[in-house]
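Keep the structure open as you read.

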Amino acid sequence: MKKLIQFELRKIFAKRLTQIAITALLLLSAFLGFSTYQNMYAFDGISEEGTGRKAVAIDKAIAEKYAGILTDEKVQQMMTDFKPTQDLHGMNAAYLYRNAMQSALFHNFSDLDGNWNGLSVSDVFGDEEIKIGYTYGWLQTSQNMIRIFLVLSLVVAIMIAPVFSGEYGGLDNIILTSKYGRTKCTAAKIIGSILAALIVAAVVSAINLAYAFILYGSSGLDCSILFAPEGFAERHIPFNITFATLLKYQILLAFTGAVSVTGITLVLSALCKNQMAALVASAAIYLCPIMLPVTETNPLFRIIALLPLYHAQFVSLMSVDKISGNMLYALLAVPVAFMIMGIGIVISRRAFAKHQVT
C-alpha cells in the first residue's frame, strides 16, 4: 500500500500542469512579499523618511519607543508627538498616514483634525489589555497570505482533478480489472491526493513565514491585533488575540481549506470523464460563495462562512462571534473540513469503483 501511495504522489507531482501551478504559486508568494516590502513607506514626523528597508527601520524605531501596554498616558504622549503640522485640507485625520504607529493611533484616538477625540483606552478597547509594538510587517504578511491561500486552493484543485478523471481514457480498464484496483488502488489515489494537498499547503505556509521572519524579524508577534492601522481588515476581528495566534489560525484554516477542496475535487474527478470539466466544476463550487447575496450581518453567513473559500479569506470567518467561552467560531472549520473530506472519500471511491469498464 505504501508503494501505491508513493506512486500516486509521483503521478500528481509529475504532471506538467501541476508543476506550472505550484511554480506560479511560489513565484506569487515571492512577488507579493518583495513588492510589499519595497513599497512600504514611513516618516517619523521629524526628519527620517524612506521606503522599503528604511521604512521598516523607521517603523521599528518608533514602535520600540512606545512598545508595551497601551495606557492613557501613552496615548496622550503619542497624540502630542504625532500631531499634524500641516493643513489637512478637510481630510479626515484618521486617513493620514505617516507611519504604522501614528495610523493606528489616529484611527482610534483622533478627531477629524488630528486632535485627541477624548476617548480613553478603556473607552475604545474595554477591559482588554492592549500590547503595542511593531506589527506592520506581520499585518502585510497576513494580507498577502489571504491572496496566496486563495490561489493555493485553486492549485489543489488543479492537482487533484486528474486523479480519477485522468484514468478514464483507457487506464480505468486496467486498474478496475486488476486484483486490488477497486480497493487498494482507489484508496491509494485518495490518500495520495490528501497528502499532496497537505504537502503543498505546508510548503507554501513555511516559505511565507520564513520570508516574513527574514524581512521583519519576530518582534510584534506578541502584540494585539486590535491596535492596527487604518485599512487592515484584521482590526475588525472582535477578539484581543496576538499576531502569533492570528497567524496560527490563518495557517490552520489554510489547511482546512486545502482539505475541503481536495474532498470536493475528488468527487468531481470521479464523476467527470474529463479532467478539465472536473477542474472547472471544482473551481466554480469553490468560488460560488462570492456570488451569494449574503452580508456578514445575515444569520446565514455563519453557515456560508464555513465553506472553503472563507477558510482562505479567514478574516470574515474569524469575525463571527465566539461559540462559548474562549472557543472561536472559526474552529468549526476543522470538523466541517473533515466532514467534506469524508463525504468526498466515500462518494469518489464508490463512483470510481463502480465505474463500468469496457
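## H11 against H12

Helix H11 (residues 243-271) packs on helix H12 (residues 275-287) at an angle of about 140°, their axes 9 Å apart. The crossing of H11 past H12 is right-handed.

From H11, Val 261, Ile 264, Thr 265, Leu 268 and Ser 269 meet Ala 278, Ala 281, Ser 282, Ile 285 and Tyr 286 of H12 (contact means heavy atoms within 4.5 Å). By class, that contact has 7 nonpolar, 3 polar and no charged residues.

## H2 against H7

Helix H2 (residues 16-38) and helix H7 (residues 136-160) cross at roughly 175°, with axes coming within 10 Å. That makes H2 roughly antiparallel to H7.

Among the H2 residues that meet H7 are Leu 17, Ala 21, Leu 25 and Leu 32, and the H7 side includes Arg 147, Ile 148, Val 151 and Leu 152. The contact of H2 with H7 counts 12 nonpolar, 6 polar and 1 charged residues.

## The largest pocket

The largest pocket holds about 200 Å³ of space. Helix H3 (residues 53-66) gives the most to its lining, with 5 residues. The lining includes Asp 44, Ile 58, Lys 65 and Phe 82, and by class has 6 nonpolar, 1 polar and 4 charged residues.

## About the model

This is a predicted model: local features need pLDDT of at least 70, side-chain atom pairs count only at pLDDT 80 or more, and totals for chains, interfaces and linings use all residues. Residues are numbered from 1 along each chain as its sequence is written, and side-chain values use heavy atoms, leaving out hydrogens and water.

Technical notes: 1 Å grid on protein atoms, 1.4 Å probe; cavity = no way out; pocket = protein on both sides within 12 Å on 5 of 7 lines; lining within 4 Å. Points joined across faces, edges and corners; volume = space filled by probe spheres on them. Helix = DSSP H or I, 4+ residues; strand = E, 2+ residues; numbered from the N terminus. Nonpolar A, V, L, I, M, F, W, Y, C, P; charged D, E, K, R; others polar. Axes fitted to C-alpha atoms, helices over the stretch in contact; angles between N-to-C directions. Left-handed = near helix turned anticlockwise from the far one by under 90°. Parallel < 35°, antiparallel > 145°, perpendicular 65-115°, else oblique.
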